[in-house]
Amino acid sequence: MKKKILVIEDEQKLASILKNFLENNNFEVINLYGGEEAVSTAEDYKPDTILLDWMLPDISGLEICRQIRDSKIINRTPIIFLTAKSEEDDKLSGLQIGADDYVTKPFSRVELLARIKA
């Protein structure tokens with residue numbers, strides 16, 4: 001059975017590239033382009049990993065991460081922030097709110113794949 005990944009990324013071109021890359025590496029992928037439905041979609045889809053952008057148009061990735069950690073259904077799902085916010089304080093904030101890993105844009109797809117598998 002393929003592992004499932006939920007990609008929450010408002011840049012549709014990047015989300016599409018990620019989806020194709022991950023599907024070519026034997027993952028099942030759903031893309032969301034905003035955060036409003038992120039938690040409910042994740043609860044229904046039950047992904048093995050969530051790739052989460054910090055800066056979304058409707059709700060911040062930090063808030064989504066907090067809501068996921070408060071969910072009784074998906075609170076243990078690994079979350080990897082995938083974001084342009086590269087300052088140390090940003091990384092610490094993301095990890096302190098509950099993210100499992102933090103990858104800054106631009107990123108290596110091979111490194112991202114290794115982090116997902118880890």
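The dialogue below goes through some features of a predicted model.

Reader: What kind of model is this, and which pLDDT limits apply?

Author: This is a predicted model, in which local features need pLDDT of at least 70 and side-chain atom pairs count only at pLDDT 80 or more, while totals for chains, interfaces and linings use all residues. Residues are numbered from 1 along each chain as its sequence is written, and side-chain values use heavy atoms, with hydrogens and water left out.

Reader: How many helices and strands does the protein have, and what pattern do they follow along the sequence?

Author: Helices (H or I, at least four residues) and strands (E, at least two) are DSSP runs, numbered from the N terminus. Here there are five helices and five strands, and the pattern along the sequence reads β-α-β-α-β-α-β-α-β-α.

Reader: What radius of gyration would a compact globule with 118 residues have, and what does the protein have?

Author: The radius of gyration is taken over C-alpha atoms, and the globule rule is 2.2 Å times the number of residues to the power 0.38. For 118 residues the rule gives a value near 13 Å; the protein has 13 Å, so the two agree. The C-alpha atoms fill a box of roughly 35 × 30 × 25 Å along the principal axes.

Reader: What share of the residues is buried?

Author: Buried means under 20% relative accessible area, exposed over 50%, and partly exposed in between (1.4 Å probe, protein chains only). Buried residues make up 46% of the 118 residues.

Reader: Where is Ile5, and is Ile5 buried or exposed?

Author: Ile5 is in strand 1 (residues 3-8). Its relative accessibility is 1%, so Ile5 counts as buried. A contact means heavy atoms within 4.5 Å. Leaving aside neighbours within four places in sequence, Ile5 has contacts that include Leu22, Phe27, Val29, Tyr45, Leu51 and Ile116. Ile5 and Leu51 are 46 residues apart in sequence, with their C-alpha atoms 7.3 Å apart in space.

Reader: What part of the contacts comes from residues 24 or more positions apart?

Author: Among contacts with a separation of 6 or more, such residues account for 61%.

Reader: In which loop is Asp10, and what does Asp10 touch?

Author: Asp10 lies in the loop between strand 1 and helix 1 (12-24). At 28% relative accessibility, Asp10 counts as partly exposed. Beyond four places in sequence, Asp10 is in contact with Tyr33, Asp53, Met55, Leu56 and Pro57. Asp10 and Lys117 are 107 residues apart in sequence and 23 Å apart in space, C-alpha to C-alpha.

Reader: With which side chain does the side chain of Asp101 make a polar contact?

Author: A polar contact is a pair of N or O atoms within 3.5 Å; within protein, one must be able to donate a hydrogen and the other to accept it, and residues adjacent in sequence count only if both atoms are side-chain atoms. The partner is the side chain of Arg115, at 2.6 Å. Asp101 is in strand 5 (residues 101-104). Leaving aside neighbours within four places, Asp101 is also in contact with Ile79, Ile80, Phe81 and Leu95, among others.

Reader: Which backbone angles deserve a look?

Author: The peptide bond from Lys105 to Pro106 is cis, with omega near -10°. Pro106 is in the loop between strand 5 and helix 5 (109-117). Asn26, in the loop between helix 1 and strand 2 (27-32), has phi near 70°, a positive value in a residue other than glycine. Lys46 also has positive phi, near 50°, and sits in the loop between helix 2 (38-45) and strand 3 (49-52).
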